[in-house]
Amino acid sequence: MTLKQLSIFLENRGGTLVRVLDLLSQAGIQIIASSVADTQDYGIYRVLCDDPQKAYDILRESAINVQLSDVIAISIDDTPGSAARAVKALSDAGVGIRYLYSFLWKGRGVLAFRADSGDRACEVISTAGITCLTSF
Amino acid sequence: MENEGIKRDYGCEYFNPEVETLSRGEIEALQLKRLRETVQHCMNSAFYRSRFEEAGLTPDDIRTLDDLRKIPFTTKQDLRDTYPFGTASVPLEKCVRLHSSSGTTGNPTVILHTDRDLDEWANQVARNLWMVGLRPTDVFQNSSGYGMFTGGLGFQYGAEKLGMLTVPAAAGNSLRQIKFIKDFGTTAVHAVPSYLTRLKEVMDQEGVDPRRDTKLRIFAIGAEPHSEEQRRRIEEMFGVKAYNSFGMSEMCGPGVGFECKEQNGLHFWEDYYIVEIVDPETLEPVPDGEIGELVLTTLRREAMPLLRYRTRDLTRVLGRSCPCGRNHVRIDRMRGRSDDMMVLKGVNIFPIQIEKILMQFPELASNYLITLTTDNNGDNMTVEVELEELFTDDYVGLQNLAKSVQRALKDEILLTPYVKLVAKGSLPQSEGKAVRVVDKRSVYK
């Protein structure tokens, strides 16, 4: 019930993001969602895309520090309060969230996140009857 | 340590008037006499005996000062190879003190002292401090690290011999330093220059004006490279005269060379040392005024005399006379190193030490870059290192790695560098020998 996510190490200096985006674009990769947090020296650029394995291979060939990891992406109604309900279910069950980003996909909201315990998070989601995205 | 200064004429500019004012001819005659004694004495050391045999030399071959050049150089590596006591020229029972280098690459270098060595060492320091105007009426605060670092005990004994009230304040704890300076009426401080800048910052924070609230008038600074501009800045900040000091544990410690009131080069005491400046590649002497590697021969050391010791410090001869009346050679401030050793806050560090630690982390690639900078708090080291694999998708994981690397480096080099993780391939790759160190400190401008 997870999605493959690219995590890319980006130094905080000019041109590093452009380089990654150029490589992905040349390979015809479609980015669905992405996020980068502000940090002092470097950041981690997280990407959900249509072909994560291909994107990973391309970036590795170009000697970019990249990791392919599993992330949980839950589908919620695009209405006020939906995110709150989903996160509350996790919070009530004592599941912590390390990072989270959200986007719209085919008219629905998506919360992509990393939980401190992935297994426990999946359990909670199943029990609560929340839908997960497993592909685009 | 006997207070010798109290017996002397405070109006006299010299602590050892006879030797300090020797003419060049007299200096050289004394040097030849002492060189021959030293070479003879070196034959008590297994190391020098075999060195002389290999070179087909006997002590009798040294008849003039120029004959010194027949003697092979001694290197830091020789001291490591004979660790700990292999170069000693006296039995251990005659030794009363041991100092050791701060470096932790391979064997450290061990330096032994007899009681006479300690007395002669203290005499050199006392001579230096008297030369810049300190007298038994002064209060001397030694804000230098004690322990194995010779800047602590070296200045302590010298200042006591001069007869000053000497405060072994040691390094750090700025608030306490300032309290001592005010309460004890400290007139002179010995410290590394970067620390004095830090001390002034704390004084500012505490509302202490050194001109108004203290009796400070003289600083002895050394043990880390600094520029003329840095010295002038320190002098202006405090309203104090700052004198450059040179020493190295292999020779004894501080005391080897010191600026006089002219502040135009450091007088190296030629009754204690023979100074050579050689081309670090050809090892041939360079003319006065040209930069080369400083090579020193001890003339009075008993426990561990060293012949033609390659210091790896780059400098030049400025002159052999001085308006102060001393004809002991004047040597320029150190201009760099002929090896890759870095000196930070008085600690000697080789890039290989850093490399060794970095290689212990499988997450890191082999490419790294050390950058040295100066800010108001003194010298800083930044270590940039490339990531081999992105092993986490989590910022905290990267921060933890950087912290672990920083801790491991601190255990090795005794200083805390700033560790910056960088992307693979982002550091400059050079052909052949990689550039591992960029020194942006003002002294190397």
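How many residues does the contact take from chain A and from chain B? Keep that in mind as you load the model, which is a predicted one.

**Stop 1: where the chains meet**

Show both chains. The contact takes 15 residues from chain A and 12 residues from chain B. Now select strand 1 (3-11), strand 3 (42-49) and strand 4 (66-76) of chain A. These are the elements that give two or more residues to the side of chain A that touches chain B. Colour that side by class: 6 residues are nonpolar, 5 are polar and 4 are charged.

**Stop 2: strand 3 of chain A**

Stay on chain A and keep strand 3 selected. Is it enclosed or open? Of its 8 residues, 7 are buried, so strand 3 of chain A is largely enclosed by the rest of the structure.

Pick Ile8(A): its bridge partner in strand 3 of chain A is Tyr45(A).

Strand 2 and strand 3 of chain A form a hairpin, with 5 residues between them.

**Stop 3: a loop residue in chain A**

Select Lys106(A). It lies in the loop between strand 5 (97-105) and strand 6 (108-115) of chain A. Lys106(A) has 8 C-beta neighbours inside 10 Å, so it counts as exposed.

**Stop 4: the nine-strand sheet of chain B**

Move to chain B. Here 9 strands form an open sheet in the order 4-3-5-6-7-8-9-14-13, with mixed pairing. Find the edges: strand 4 (165-167) and strand 13 (317-319) of chain B each have a single partner strand, so one side of each is left without a neighbour in the sheet.

Zoom in on strand 3 (residues 139-142) of chain B. It runs parallel to strand 4 of chain B, and 3 bridges join them. Look for Phe140(B), which stands opposite Thr166(B) in strand 4 of chain B.

Now show helix 6 (residues 150-162) of chain B, which packs on this sheet. It touches strand 3, strand 4, strand 5 (188-191), strand 7 (241-247) and strand 8 (254-259) of chain B. Its direction makes about 75° with that of strand 8 of chain B.

**Stop 5: two helices crossing**

The crossing is right-handed.

Show side chains. Among the residues that meet here are Leu118(B), Trp121(B) and Trp130(B) from helix 5 of chain B, and Phe155(B), Tyr157(B) and Leu162(B) from helix 6 of chain B. By class, this contact has 11 nonpolar, 3 polar and 1 charged residues.

**Stop 6: two loops of chain B**

Select Pro84(B), in the loop between helix 4 (76-81) and strand 1 (95-100) of chain B. The peptide bond from Tyr83(B) to Pro84(B) is cis, with omega near -5°.

Then pick Gln263(B), in the loop between strand 8 and strand 9 (266-268) of chain B. It has a positive phi of about 50° and is not a glycine. Gln263(B) is partly exposed, with 16 other C-beta atoms within 10 Å.

**Stop 7: the four-strand sheet of chain B**

Which order do the 4 strands of this open sheet follow? The order is 20-19-18-21, and the pairing is mixed. The edge strands are strand 20 (418-422) and strand 21 (437-439) of chain B, each pairing on one side only. On average, neighbouring strands are turned by 20° against each other, direction ignored.

Select strand 18 (residues 364-375) of chain B. It pairs with strand 21 of chain B in the parallel sense, over 3 bridges. Thr371(B) stands opposite Val438(B).

Helix 12 (residues 395-413) of chain B lies across strand 19 and strand 20 of chain B.

**Last stop: Met342(B)**

Select Met342(B), in strand 16 (residues 342-344) of chain B. With 22 C-beta neighbours inside 10 Å, it counts as buried. Leaving aside neighbours within four places in sequence, Met342(B) is in contact with Ile349(B), Leu372(B) and Val437(B).

Methods. Residues are numbered from 1 along each chain as its sequence is written. Chains are lettered from A and ligands numbered from 1 in the order in which they are written. This is a predicted model: local features need pLDDT of at least 70, side-chain atom pairs count only at pLDDT 80 or more; totals for chains, interfaces and linings use all residues. Two strands pair if DSSP finds at least two bridges between them. Two residues are in contact if their C-beta atoms, placed from the backbone, lie within 7 Å. Axes are lines fitted to C-alpha atoms, for helices over the stretch in contact, and angles run from 0 to 180 degrees between N-to-C directions. Ala, Val, Leu, Ile, Met, Phe, Trp, Tyr, Cys and Pro count as nonpolar, Asp, Glu, Lys and Arg as charged, and the others, Gly among them, as polar. A crossing is left-handed if the near helix is turned anticlockwise from the far one by less than a right angle, and right-handed if clockwise. A residue is buried if 20 or more other C-beta atoms lie within 10 Å of its own, exposed if 12 or fewer, and partly exposed in between; C-beta atoms are placed from the backbone.
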